[in-house]
Every structure is written in C-alpha cells, then in structure tokens.
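Please open the structure in your viewer and keep the sequence beside it. The tour below moves from one selection to the next.

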Amino acid sequence: MTRRCFVIGHPIAHSRSPLIHGTWLADHGLDGSYERIDVAPADLPAFITRLRAGEFVGGNVTVPHKQAAEALIDEVSEAARAIGAVNTLWREGGRLCGDNTDAAGFLGHLDATTPGWLDHVRTALVIGAGGAARAVVYALKSRGLDRIAVVNRNPARAAELVAAFGAPLQAMDWSARSALVGEADLIVNTTSLGMKGQPPLGLDLATLRPGTIVDDIVYVPLKTDLLVEAERRGAIAVDGLGMLLHQAVPGFARWFGVVPEVTPALRARLEVDIVGA
Ligand SMILES: NC(=O)c1ccc[n+]([C@@H]2O[C@H](COP(=O)([O-])OP(=O)(O)OC[C@H]3O[C@@H](n4cnc5c(N)ncnc54)[C@H](OP(=O)(O)O)[C@@H]3O)[C@@H](O)[C@H]2O)c1
C-alpha cells in the first residue's frame, strides 16, 4: 500500500520539502507520496485525528503549527521539547511521535561540509533568538562548546533563550554584535536578515579572523551578502540550503525505512528551484 506523507502549514505553497522527499522517493523507487497540504490553525486537531486513524504514515509540520502540534501528540523527542517545537511526526505502535530535526540538520550539514570543525571551535556567536536560534543553540550546546554568545534585536528574547538553555550560553547586547566577531570561532546568523526582501544583516566583519566558520541559515539567496563578505576575508562559509536538506533526512528514514543521502544532484535541483523563484 502506498505510504502517504505530508507537509502541513498555512500558507504552504512555498514549501520545498515536496521537492526533497519527492526526489528521494523516485531515487529509491519507493511506493510512497509526499503531499503539500494547507491546514488552517483551527483545522489542526482534525488533521491530527486523520493521521492517528492511519491515513498517513507521518509528515512535516511547519509555520504556524510547530508549537501547537506538540500539544496534540503522545511522545515528544528530547530535542523537540528543548527547542519547543516539532517539525516531524510519525506513528509508532499506536502512538503519535514528534521530533525537531532542525538541530540535526544544522549539525549534519556542518559535519558533512566542514569535517573536524569542532577541533578549532570553542566560542560561537549566534545572531538571533527566534525558533531557528533555539535549534542552533541546542545543537551547539550538545557539542560541548566553551561559550555561546547570543545577540538579538529584542533583548528580552535573547535573555529568555539563555535562561532556557543555561551555560555555556550568554546573552550579549545587540549593539555589541560586530565587536564580538573577532572573538568567535563560529558565527551563525539565525535571523531572517539578509533573506531576499529583508533588510541586510549589516554585521561588520572587520575583526573576523581567517578560518572562522560563518554559517548563514538563510538560503534565499543561496549565498547571502554575509557569506560573500566572510569568504572574501578568508572565512569558511557554510550556507543554509544544506541545513534544509539535512533536516529532512530523519523524517524520510522514519516514514520509508531508508536513510536517504544529501547528494550534489539533489542539492542542484533545489538550487535551480531557489534561483528560479
Ligand atoms: N536553513 C534552514 O533549514 C532553516 C531552518 C529554519 C529557519 N531558517 C531561516 O531562519 C530565519 C529565521 O527563522 P525563525 O523560524 O527563527 O524565525 P523567527 O522565530 O520569526 O525569528 C526571527 C529572528 O530574526 C530576527 N529579526 C527579524 N527581523 C529583524 C530585524 N529587522 N532586525 C533585527 N532582527 C530581526 C528576530 O529578532 P526579534 O526577536 O528582535 O524580532 C528573530 O531573532 C528565516 O530566514 C528562516 O528561513 C532556515
């Protein structure tokens, strides 16, 4: 029987997940589907009931359902609980389970493209304190860094994030972000700044040390101004598209029983889609 999966959100037309999972389904010749379904917030409980009843094997959850879905399922992974949102659902022995795969995606891409990065990263600067920042600090904390400085335009949100995750996170002032660049071995932009249609990030890289890793999780455009300037100054640039691809791996593995690969061909398909958007 065809294993049906979904991505639900509202709106959902922009999601690139069907392209990723559709490519893997075709590559592995699996009898499965992955559908984009628009679910309004008021209809989420009814959709979850359909999932429980067996219409789907699982799927992805995106904005605005990532927090609400957590309250409607039976088991929440440690990562999802800490991050405060689920993005991947599946059924297991009559129970509905949820995980957040953004942290695994962030680390999966970093590990794949910058092997050994942890050998020379002790201090990180994380810019932003929204949902994606929670996944990034959860990921970095799991790798045992000495210091993770967090800056955010809204200081209360940075303070809340640091209070939730504890040491080695430290909330720093938004105005100090450029001054912190020279101390960081890894800089991660988790804000939407620098994204197509958004204002620039405007981080001053004057004190950036060559060899610093600069990771921008924004993936439209594929190479943000931050990454272009970081590379010009001898930094190692890590883009956001890889995180998007790697975060999809655990879900596909659960639904279809095959661990898919993030290949250059898959990446190229997504690049075409993003450039053409
Ligand atoms: N590559 C991937 O797989 C991946 C995964 C998840 C997210 N993302 C990307 O990450 C970005 C953030 O997503 P999110 O879910 O964390 O969103 P979010 O929860 O809405 O957080 C947005 C963040 O951006 C900051 N921000 C927005 N406008 C700003 C401005 N004008 N000046 C200063 N800071 C500003 C916010 O600061 P305030 O708190 O002060 O508002 C907050 O820190 C998006 O571009 C998203 O596409 C990528």
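What volume does the largest pocket have? The largest pocket has a volume of about 1,500 Å³. A pocket is an open set of points on a 1 Å grid over the protein atoms alone, where a 1.4 Å probe fits, with protein on both sides within 12 Å along at least five of seven lines; lining residues have an atom within 4 Å of a point. A volume is the space filled by probe spheres set on the points, which are joined across faces, edges and corners.

This is a predicted model, in which local features need pLDDT of at least 70, side-chain atom pairs count only at pLDDT 80 or more, and totals for chains, interfaces and linings use all residues. Residues are numbered from 1 along each chain as its sequence is written, and side-chain values use heavy atoms, without hydrogens and water.

Select Val63, Lys66, Ala132, Ile217 and Tyr219: of the 43 residues lining the largest pocket, these are the closest to its centre. Next, colour strand E3 (58–61), helix H5 (131–142) and helix H8 (240–247), the elements that each give two or more residues to this lining. H8 gives the most, with four residues. Helices (H or I, at least four residues) and strands (E, at least two) are DSSP runs, numbered from the N terminus.

Now colour domain 1 (3–101 + 248–266) and domain 2 (104–242); both give residues to the lining, so the largest pocket lies between them. The domain bounds come from an automatic or database domain assignment.

Finally, turn to the second largest pocket, with about 210 Å³ of space. Select Pro200, Leu201, Gly202, Asp225 and Leu226, the closest to its centre of the 17 residues that line it. Helix H7 (residues 225–232) provides the largest share of that lining, three residues.
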